[in-house]
Structure formats: C-alpha cells, structure tokens
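This report describes a structure with an eye to its overall make-up and to selected surface features. Please keep the sequence and the model at hand while reading.

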Amino acid sequence: MRFNLILLILLCFWYSCQREKIVLEDYGTDKGIGVSAFITESDLMFNVYLSNSRKTIGGIASEEEPLTNALVTIYSTSDSLVIPYDGNTSSYLGIPSPGFFKQGVNYRLNIEVPGKGVYSSETQITNYYVAPIIEGSVKQRTVSSDKYYDLELSWEDQTGYKNYYRLVPLVVMLNDSEITDTLVAPIDGSTILVYDDKEAIDGIIKVKTSILSNTFDFPPYRVIGVKYYLMNVDANYYKFHNDLKKINYFDQLNNPVILQGNIKNGYGIFASYNGASEKTFLLP
Amino acid sequence: MLRIKNYCKDYWLKRLLLACLFATTLGFTKAQSPTFTFRIASTPLKNALDSLQELSGIRLFYNSDKINGNKLVSGNFINQTLPSIVKELVANPNLELINKPGQLILKIKDNEKHTWSGYIKEKGSSEVLIGVNLVANGNSWVVQTNDYGFFSITIPEGDYEVKVTYIGYAPKLISLSLHSNKEEIILLEPESYLSEVVIKDELEDKNSSIYKLQVPLKKIDQLPALLGESDFIKYLSLLPGVSKGNEANQGMYIRGGTPDQNLVMIDDATLYSCYHLFGFYSLFSGSELRSAELTKGGFSSKYGGRTSSVLNLSLKDGNREKWEGDFGIGLLSSHIMINGPIEKEKASVLLSFRRTYLDAITNSILEETEKAGYHYSDFNAKINTDLGKRNKLYFSIYTGKDNFFSNSEYDGERDQSKITWGNDALSFRWNCQLSNKFFLNTTVFHTGYASTIQIKNTESSGSSEFQLRTSIKDYGAKVDADYLLSKNHWIKFGVMGTQHFFEPNISRTYSSNIGLTNTNNTSEIEATEFAGYIEDNIKINQYWSGIAGFRLNSFRNGEKTYLTPEPRLMLFFEPNRRWNFNASYTHMSQFMNLISTGMIGLPSEIWVPVSESINPQIAKQISAGYAHKPNKEWHWGQEFFIKQSSNYTQFAEGISIWYLILSQAPNSGTNFYDNILVQGQMLSYGSEMSLKYTKNKLETWVAYTISKTEQQFDEINRGNWFIAMHDRRHDISWTGIYKIRKSLIVSSTWVYGSGFLMSLPEASFTLSPHIPQDANGNVFGFSQQIPAHHYGQKNSYRAAAFHHLDVSIKYYWEGKKGKHFIGLNVYNIYNRYNPFFYTLGYNENTGKDVLVLNSLIPILPSLNYKYAF
C-alpha cells in the first residue's frame, strides 16, 4: 500500500511536470498574406483570393480576419486590370476586357496592402492542348443505406510536352418538378485533384473517383450525373496543390509538407491553366 | 723529454692497437683476434654495444628490437675478444656474428616457430572471455581472443613474458616457454566489487582507440539507475560518439545514423528492436551478459546489413563450477538470473527472467471502469556443452514482450486499446577447433519481431475496431572461420544466408454496422539474403598493422536482386605505448529500412525491405583517430569521421503511421510502400573526444561529440539540403565514480545534448480553389476555403537542449551466503524539464498560440536492491 502511495505521488509529479510554452509569434517571420490566383484565356471574371496570414493553427484566417483593403492589380505587357474587393471574405473580383488574357503573354500580379507591404508574382498562360475526356465505367454500390457511385475516366496525355492536369468533378442535380432546372456543385470543394503526366501508362491517364450521392440529397433536386472539367495547369500550380493535398491537419505525427509558392514576400500561388475539356457522366 | 717519451709511448700503443684491430679485421689471417678489457654495469644493451664500438673501432650492426636493446646488462670482461664480449652481452643462443672488414654484424637467427593457442576463461566460473588482450614483453606481438574466447598465435620458440589484460579483471602476467605447439586455458580473476580501488579497465594496460568500445558490464551497477533499473545502454550513452534520442528514447544515434542502422546481435542472432517501455530500457539489464562491444567505424567484414554501428552482445555461458545467480528489485521491475553446471567442467546453463509490475500497480490505483497498464518481460536461456576437447555446442534463446493496454467504460460505451510488441531470438552454435590454427563456428538462427496496435470501441449500436500489425521473421545459417596463416596474418572468412519474411503492414478496420470496411493486407514479402566475406588481420611490423577485408552481399526481393560489394580497410600505427593512431575506410549496405515519423520510441515503426523501386542504403565512412596515454592516470582519445549515405529512406511529406492505418490503401500490395517512401542522401561529419582520469579511488571521464547531419531528398523540402531531425550538434557526458570506502561507492553522471529538430508552421493562411466558369462566366457553386500552413525550411526549429544530472550512492556488503547491493538513485537532480515532445496549443491568458514543451521525467529518486549468491 505504501509502495502504491509512493508511486501515486510520483505519477502526480509526472503529470504536473511543468511545460514550457513558447509563443509562436516569437518564432520565425510571418510575411503577412496568402494569395490564391489562377488565370486562363477564357475567363470572363477573374478572382484573386487573399487572406491575412498569421501565426495561428486554428480557424480560417480569411473569415476571422478578412483582408479587405488590398489594392490588387494585374498587369499584362500592354494593359492592366484593377481587381476590387468583392465584399466576400477573401475574394477580389475583376472583369477583364475581352482579349485581356491571352496565351503566350506574361502577367504580373501586384498586391499592395497598407501597413504590410507589396506582394507580387508572375506567370504566363502557356499553350497546351487538352485531350477530351474518355468515359469509362460507372458502377453503383450500396453500403448500409449509403449509395456510392464509382466512376472511371481517362484521357490521352499529349506527348512532347510536360503536362500537369487538374480535374474538377462536379455533381449535376435535376429539379424533378422543373425539368430545365439543374444545379451543379463541386463534389468536394476542399480537395483539388492534380495529376502529373508521369502517371500516364501507355500515354493514357486513368482516374477513379467516387461519389456518395446521399450527401447531395436536396429535394426536389436529385443527382443525375457527374460533370468533369479537365484543365492543363502550369507546373507551379501542380506542385503547390500537390503539396497541399498531402497535408493532413489532424495528424501531428506526419512529416510536414513544405509548400512551394511563387508569391514574392508572401505565401500562396499565382498560376495559370489553359484549355478545359468537359464531360458529363449520367448515373444509372 | 718526458712529453716526447709519453708521446712515443702513446704513439706506439696506438700503433699497436691499430695493428691488433687490423689483425682482427683480417680475421682470416693467422694473427690472433685482438682482446679488450671492458667493464659495464646496469647499462642498456644498446648503449653497451655503442661503447664497445667506440673502444674497438669496429662498427657493430644490429637490430635493437631483436636483441632486446633496452635490457640492462652488466659485465667485467678482461682480455676478451670482441665477439666473445658481444655474445656474453646479448646472451641469446640464436645470435650469429658475421665478420666483415671493420664491421661486426649481429644477427638473431629465426627460431623454429610453434603455435600457442587456447581459451581464456573467468576463474571461478569457467566463463570464456571475449576480446582479451595478450601482449608479449616489448610489445613484440599482441593477440586477442575471438568471440568464443579462443586465441591462437604462431611465434618463434623461446621464452616470453605475456601480460593478459581484460576490462574488469585483474591483469595477469604469465611466463610462456614455447618449444613446441602448446594449448592452454588461462584463467583470469574478476575484480571484486569490494576491492578498495576502482575497477580498472583496459586503459590501465592498453592505450585504446575509441572507435570500438567495450562495455565494462561489471561497472553498470555502480552508475545511477533510472527507477532503480540498471541498463547497459545507459552506460553506452556515456561513451564518446553515442547519442541518445531523448528522454524516452534509448535508441542510439551513432555518427549521424539512426537506431535502425545499428546492427544489434545477441549470440549471433539479430535483434530488430532492443528497447522496452517506449524506449526507456533496453532488453538486457546487464547481469545476464558476458560481453557487449560497440563498433562505430572500421567494421570487420564479418558484419554487414547495417550502416551505422555494430553492437555485439554475448550471453554468459553459465558457471561450470558452481551454481550462482542474482536477483534484483527496482521500483519498476524485478529480475532473477541463475546459472550453473549441468555437468561440472563440461556443460552449463543460464536462465534469467525479468518482469515489470507496473500493470499491477496501476490497476490497483485506477477505478474499475478505467483500467490501464503496461508490462514487459524478458526471458533468456543458454545451454552449452563441450563435445570433446575441440568442439562446443551452444543453444541460446531470448524472448521478450511489451504489452500496453487501456480499457475504459463510460455510459455503456467501452473503449479498448492495446499495443504489443516483442522480439524472439534463437541461435544454435557449434564451435569447432579444427586445429590449433583453425577455428570454425557454425550458427543456425531465427529472429522474430512483431508489433500490433489494436483499438476497439463498443457501444449499444455496434462496435468498431482497427488494427495495425507489422512483423518480420528471419531464418538463417552462417559459418565463420578464423585461420591463423602466420604470426602476421590472421585470416577470417565466412558465408551466411537468411530467409526474411516481412509483413510490413496489415491494417484492418471493422465496423459492425457496415461490415468489414477496409482491409489493407500488404501481402507477405519473402526476401533472401546471402553474404560472403574474407579479411586479413595483418601485422606489418612492430609499429604498423592493418585489416583488409571484402564482403559481398546479395539481397533478392521478388524479381529484383541487389549485389553490393563492400571493401573495408583499417590501418593502425602504434609508435609506442603512449600513442596509437588509426584510420579506416568502410563501405556498408543495408537492405531494410525502419520507417518512423517520430522520435518517441513507440512501436509505430515498420520494417520495409528494399524492392524494385526502393534501393539499398549504401554508407561510406572514412574515419581517423588517435589515443594518447601520457601516464597511468590520464587517457585522451579523439576520432574524426565523415559518412555519406545514399538511398536513406523516409516517409514522404504528409505521410505518417496514421496514414497507413486510416488510408484506403489504393495501392495496396507489395509496392504500397513505393508510393509513400522517398529516398535521399545523408551526410554526417564530426569529431568524438574522450578524456579519462583514473587514480586510486576515483574514476572519471568526459566524452564530447560535435557533429552535423544533413539530408537531401528530391521530394522533401523542395529538394534542398536540411539538417536531420536527429542531428545532435553537441553531445557531452560526464561520469564520476568514487569509492569512499571498500563497500561504499558514490557515482554521478551528467549528460547534455542539443535538442532535436522539427518543423514549425511559420504562418497559416487560407486558399480558395478556383471553380471553372462556363461560357457565360458562371462559376459552379462555391469553393470551400482551405487552411494552409507554411513551414519555411524543414527542421528549422531546434528543441530545447536535453540535460540532467544523476547521482547515486551504492552500498555493498557480504552476507553469509552472498553479496548484497543496495542503491539510492536520484535522476535529474536539478529537475530539468527536458523536451519529450512538443504540441501546438493555445494560451487562454494571452490569447496567443503557443508551442508547448511536454516534459516527462522530473527529479526522481529511487531505490534498488540486488542480491548475488
């Protein structure tokens, strides 16, 4: 009994062992803002997403501390476009004049934030060909009461170029009471699917995706299909988002992912894509 | 006139002398040899010969070492010829004198050679002793016992004084009169715990280098013990060049290597994990071990398969003369060890068992609805027997297991978690002394390691469970031979083969509501490893010696076979007893990788073999060092090293052990790991230093290592070089042992290590993925905002340094039937909060995010008791 008491005291000592706390602000340098901007030739609107960066680990910075006073300008070799804050948490929205975004032209993004500094980046809309999406199989399976669709698609990788791709799966819903009324929404708004042409086997890249249709139950709308957009993205975009998708925020044991951005003085990415092919798969 | 007379006299005398010498130099002439009168007392022989040379005017040629020029000679020679005087002074029957005009050459004829061989054993138990040095007078030759206590040397016949020294044993001087082949058993007496002065180690008698460290197992009990548990790995960490991970990780980090790069062998069987209690303790307390030797560079070609170090452990054979043993009680565990003869002088057995009672204690404290506990156990057994004079059989077995469990019940919901891991090692060895020059050892062995993590939740609506299991099993055989080709060439060669069975990861997730949801069963991987080696231990001359070796490994996994040639070279220069120098080049390869994400010694680690796309690790190391022993008290040693490793393997960015458990395993199969592992380079360089002082009752030493370890992976940290997580820039340890009196010892240790490295988020920000627009500029739906953390350079934050001071006082006394030892230990006496791990947290008072250092062991006193009979 006495022995146990001693051990209990020791255990208490153990648990009460003082912890040293280092304020994160005292560590490293915070550059101030995060940028997410993506241009293409066909854009009729151009969004730049900005957020304050901070030494915190929780919450969505752009919602809690929206960055509203930045002066955002995009310059081409001959023109410029000012992109004002659109009133939403992180979005700056500009309407480019027709022909503002063109292939083969260099663009410079310039962001001035009062009290913080000037951030900039450059990119070019390169000229790539995007092959059409080839429909593969669509299979349905039910696990308990959940209805899953497993879809398989592929596309031909154009040889002779270094290609990176982004695939955007969108769910298509039909209003049963109004046959012309359809809704389209991202299947997973937080995950960006990017591919390297290294994944091509015999020149073909094959992708499997899955959709849990229950999550889109939105009467009177019902899921009728999945629409895919396939974009040819630049290397900066691919590397950044490929790194981003490796991050597991719930696993503190994982090897940290070192993000590769291209914003001078800041964080994030300014990149381009070119061409997009689309395909809608109708679900059985 | 007188001066003229004297001149004439001297003149004629000189003329006469010259004439005599002339006559001597023309020895073949009929003239008689000139004679001399020569008197000398207690003068080194070489000085006496120099004087004689001056007197006679005849040049004497000789090799001072061969004629033992330092020996003191005396004599009164009246009217004797020069050869006669020389013969008497040299007093060597093999002396041959060769006359040449104006010269006399002293040549020692080579004697007929004979082989002296045998075993060195401990007096009182007949336990064979490994690595014992036998040094002949004048350092004319040195020989060491092999892993089975056997020695052999072929030398010219004659009489020798041989000093036999071994750490923890009283040095012994023996007179060897070798006139034919001779076999003998030499008994060394162990130093008593109760001796008045501190136990001397080999530095007393031999100026040792620090690239190879012999653990004085008898000293382990004298050092402070955490929770009263003696541990030989703790002793190792006090030696130069051996760093510990952190408080909860006894894993050894040697010359920039990681713990999986250390080859740990117990009686010739490999151990894959040698720690208990999440890394606090090693598998062996020390009392069951006969020897422990750690090599950090200049590896023998006999060893392969790991790139960083070799820790060779041998269990005691067991006393062949009488039954003896000990048992010890600590706060955490108890152990018992007994050994004794099965048949006196012929066969013996050793049995040892250790178990913790932490589970019993925690269970008695915790509520019925909350049970948690941990226990580990070890069992060792060894039987050996002589089969005639030249054959011995050994059978050794080790089995050990750790078991952590936690059960809680609340509101009808029950959570159970269990982590188990353990090792088995078994070896059967046959020692055969084919001749007094040829020694053969054949081993058949099996090794197994397995760990399982199991978490189960049961509630009224059903149950869910997930399980991760990883295991490795080896079956193999090897033959090692020692052949004494000549006094200057000791050849070692051998072959080995191992069949490996890996189960790198079997994870299973089960939910009763939806049936079996996920089984990621990476199929068992079978791999075959073969190796052959040869090396020559060469004695070049009195000062220079070396080891030249070559090892060839082959490893086959599936269709892929890797062949790795490994040249090894060591050079030693010992100009005198005070200085020695060494330099080495070693080439090592490793065919399996322990993949781990943390520094914590959890069994969250997986052994993965090389495959089609995972290449073997290759390490090339160059090291050089010296040791200096200016007098009996002081010893100073230093080593420099640089090691370059390629194909070092890690988890890719964003991957951890939980990925293996929770992932849907889209690429399950043998190449599953190909997608989550990356390979890169590692470069380590640094210097190790050791300063030791021993006098009478005091023994103290300081070990300091300064090193840097960098890594580069194409897929990590944007391909840039970064400092390795386990980089220990400065590592210092101090040890002091003082015998206050015969039965009372005070000891203290202080260790300091630079903190480990980690990556901290420098900033977090938000991203918003773009949704494509249609032709009218409509975007589809909304895009979810994604938080992103920016880490800057990988491993850019160094944790707080790790240091603690421990003290102990031990009291020994002899009872009627045995010896008693009681110790009071205080760990971390100044209550340093050493980093165990860090977490990201939030300070409510300041409203700021903080990095929280979690410490583990505060100041911790403990008692331990041991009884030996």
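Leaving aside its neighbours within four places in sequence, with which residues is B:Lys346 in contact?

## Basis of the description

This is a predicted model, in which local features need pLDDT of at least 70 and side-chain atom pairs count only at pLDDT 80 or more, while totals for chains, interfaces and linings use all residues. Residues are numbered from 1 along each chain as its sequence is written, chains are lettered from A and ligands numbered from 1 in the order in which they are written, and side-chain values use heavy atoms, with hydrogens and water left out.

## B:Lys346

B:Lys346 is in contact (heavy atoms within 4.5 Å) with B:Arg320, B:Asn384, B:Thr385 and B:Asp386, once neighbours within four places in sequence are set aside. In chain B, B:Lys346 sits in the loop between strand S23 (333–343) and strand S24 (347–356), where strands are DSSP runs of E with at least two residues, and helices are runs of H or I with at least four, numbered from the N terminus.

With a relative accessible area of 33%, B:Lys346 is partly exposed; that class lies between buried, under 20%, and exposed, over 50% (1.4 Å probe, protein chains only). From B:Lys346 to B:Arg568 the C-alpha to C-alpha distance is 39 Å, and the two are 222 residues apart in sequence.

## Surface patches of chain B

A nonpolar surface patch of about 700 Å² is made by B:Trp323, B:Phe327, B:Ile329, B:Ile336, B:Ile338, B:Leu351, B:Phe353 and B:Phe869. Patches take residues with over 30% relative accessible area and no salt bridge, joining like charges within 9 Å and nonpolar side chains (Val, Leu, Ile, Met, Phe, Trp, Tyr) within 5 Å; a salt bridge is a side-chain nitrogen of Lys or Arg within 4 Å of a carboxyl oxygen of Asp or Glu. Strand S22 (324–329), S23 and S24 of chain B each supply at least two residues of the nonpolar patch. B:Leu351 belongs to strand S24 and is partly exposed, at 35% relative accessible area.

B:Asp411, B:Glu413, B:Asp415 and B:Glu459 form a negative surface patch, Asp and Glu being counted as negative and the charge being placed at CG of Asp or CD of Glu. B:Glu413 lies in strand S27 (residues 413–433) and is partly exposed, with a relative accessible area of 31%.

## The two chains

Chain A holds three helices and 16 strands, and 47% of its 284 residues are buried. Chain B holds six helices and 53 strands, and 58% of its 869 residues count as buried.

Technical notes:
Accessible areas come from the Shrake-Rupley method with a 1.4 Å probe; for residues, only the protein chains shown count as cover.
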